[in-house]
Amino acid sequence: MGQCWTQLCGPGNEDEGNTGSAELAGGNVHLVTTMEKWEELISEANKNGQSVLVNFSAAWCNPCRQAAPAYRDLADKHTTVMFITVDVDKLAEFSSSWDIKATPTFFFLKEGRQVDKLVGGSKQELDKRILSMAETPAGAAATS
């Protein structure tokens, strides 16, 4: 499913002993591997008026694994935002419906609608966009 953001991924860079995508979540980051879990979390966020940051990621992707600790740190810092990681291998068809071409890809949602998108990205860029999303009125798109 898709490609890694950098050339670090690919044949020879896959971790054969990796047990899966659990290392991509943890703390305040929710791991989504089923449509039921996705629907439950999005419903909860909408009900609570929370913005959502979705990370489409893969356990075999080195940039995804490298970004995971920073993503967890941001989730701990921005507790009013729901942080979700979608395993693109477990939800390949769903990920394709979001037009995921590379991992990691981040979508910023407000009231269930996309307000921003970032392919790749550093912790600083994610933090900047989260702050921008928090300041963007509902129904308006964030500036890229």
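Tutor: Let's start with the overall picture: the protein has 4 helices and 7 strands. Keep in mind that this is a predicted model.

Student: In what order do the elements of the protein run from the N terminus on?

Tutor: They go β-β-α-β-α-β-α-β-β-β-α. Of the 144 residues, 48% count as buried.

Student: Why is phenylalanine 56 called buried?

Tutor: Buried means under 20% relative accessible area. Phenylalanine 56 has a value of 0%, so the label is buried.

Student: And what makes the pair of phenylalanine 56 and phenylalanine 107 edge-to-face?

Tutor: Two things need checking. Ring centres have to lie within 6.5 Å to pair, and planes over 60 degrees apart count as edge-to-face. Here the centres are 5.6 Å apart and the planes stand at 80°, so the pair is edge-to-face. The two partners sit 51 residues apart in the chain, with phenylalanine 56 in strand S3 and phenylalanine 107 in strand S6. Phenylalanine 107 is buried too, because its relative accessible area is 2%.

Student: Then why is the pair of phenylalanine 56 and phenylalanine 94 called tilted?

Tutor: Stacked needs planes under 30 degrees apart, edge-to-face needs over 60, and the rest are tilted. With centres 6.1 Å apart and planes at 35°, this pair falls in the tilted class. Phenylalanine 94 belongs to helix H3 (residues 92-97), and 38 residues separate it from phenylalanine 56. At 13% relative accessible area, phenylalanine 94 is therefore buried as well.

Student: Which residues form one aromatic cluster?

Tutor: Trp38, Phe56, Phe94, Trp98 and Phe107 do. The structure holds 9 aromatic pairs.

Student: Which members of the largest nonpolar core touch the most other members?

Tutor: Trp38, Phe56, Ile84 and Val86, out of 23 residues. At least two residues each come from helix H1 (35-48), strand S3 (51-57), helix H2 (62-77), strand S4 (81-87) and strand S6 (105-110). H1 gives the most, with 4 residues. There's also a second, separate core of 15 residues, which includes Val29, Val81, Val115 and Met133.

Student: What is valine 86 in contact with, leaving aside its neighbours within four places in sequence?

Tutor: Its contacts are Val32, Trp38, Val54, Asn55, Phe56, Ser57, Leu91, Phe94 and Ser95.

Student: Which residues of H4 are buried?

Tutor: Leu126, Asp127, Arg129, Ile130 and Met133. Because they cover an arc of only 165° around the axis, they are on the same side of H4. On the other side, Gln124, Lys128 and Glu135 are exposed. The buried residues of H4 pack against S3, H2, S4, S6 and strand S7 (113-119).

Student: Where is glutamine 50, and why is it called buried?

Tutor: Glutamine 50 is in the loop between H1 and S3. The limit for buried is under 20%, and glutamine 50 has a relative accessible area of 17%, so it counts as buried. Not counting residues up to four places away in sequence, glutamine 50 touches Ala45, Thr79, Thr80, Val81 and Met82.

Student: What about serine 51: why does it count as buried?

Tutor: Its relative accessibility is 10%, so serine 51 is buried. Serine 51 is part of strand S3. Among the residues it touches beyond four places in sequence are Leu109, Lys110 and Met133.

Student: What is the phi of aspartate 99?

Tutor: It is positive, about 60°, although aspartate 99 is not a glycine. Glutamate 111 also has a positive phi, of about 55°, and lies in the loop between S6 and S7. Most residues other than glycine have a negative phi, and most peptide bonds are trans.

Student: Which peptide bond is cis?

Tutor: The one joining threonine 103 and proline 104, with omega about -5°. Proline 104 is in the loop between strand S5 (102-103) and S6.

Notes. Residues numbered from 1 in each chain as written. Predicted model: local features only at pLDDT ≥ 70, side-chain atom pairs only at ≥ 80, totals over all residues. Heavy atoms only, no water. Core = buried A, V, L, I, M, F, W, Y, C linked by side-chain atoms within 4.5 Å. Buried < 20%, exposed > 50% of the residue type's maximum accessible area, 1.4 Å probe, protein only. Contact = heavy atoms within 4.5 Å. Arc of directions from axis to C-beta. Phe/Tyr/Trp six-rings, centres within 6.5 Å; stacked < 30°, edge-to-face > 60°.
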